[in-house]
Amino acid sequence: VFFICLYVNISAGHIVLMCLISFIFIFRNWIGSSLSFVLAFSISVIEILVAILQAYIFTVLSALYFGFAVEEHEHD
């Protein structure tokens, strides 16, 4: 389930980024193209930050799960 959520987040970011880049060719003027470029750049920065956050959370959760799986129990 986690991988489906990760795939959807990555795909949504790429779709939004491609829509903003396509606006550069649709507007064909200096103001619209520069605004589209700035928005596309800001979305790509946000997408990189989200990817780093997701990788961190995945690493922490994996470490917790593996830690609980190999935990030694004391027997009396």
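Rings of Phe, Tyr and Trp (its six-membered ring) pair if their centres lie within 6.5 Å; planes under 30 degrees apart count as stacked, over 60 as edge-to-face and the rest as tilted. By this criterion the structure holds 1 aromatic pair. Phenylalanine 23 and phenylalanine 27 form this pair, which is tilted, with 5.8 Å centre to centre and 40° between the planes. The model is predicted: local features need pLDDT of at least 70 and side-chain atom pairs count only at pLDDT 80 or more, while totals for chains, interfaces and linings use all residues. Residues are numbered from 1 along each chain as its sequence is written, and side-chain values use heavy atoms, leaving out hydrogens and water.

Both phenylalanine 23 and phenylalanine 27 lie in helix H1 (residues 2-27), 4 residues apart, about one turn of the helix. Helices (H or I, at least four residues) are DSSP runs numbered from the N terminus. Phenylalanine 23 has a relative accessible area of 34% and is therefore partly exposed, where buried means under 20%, exposed over 50% and partly exposed in between (1.4 Å probe, protein chains only). Phenylalanine 27, at 45%, also counts as partly exposed. Helix H1 contains isoleucine 4 as well; this residue is exposed, at 60%.

Helix H2 (residues 30-69) includes phenylalanine 68, which counts as exposed because its relative accessibility is 58%. Isoleucine 4 and leucine 64 are 60 residues apart in sequence and 21 Å apart in space, C-alpha to C-alpha.

Definitions and conventions: Helix = DSSP H or I, 4+ residues; strand = E, 2+ residues; numbered from the N terminus.
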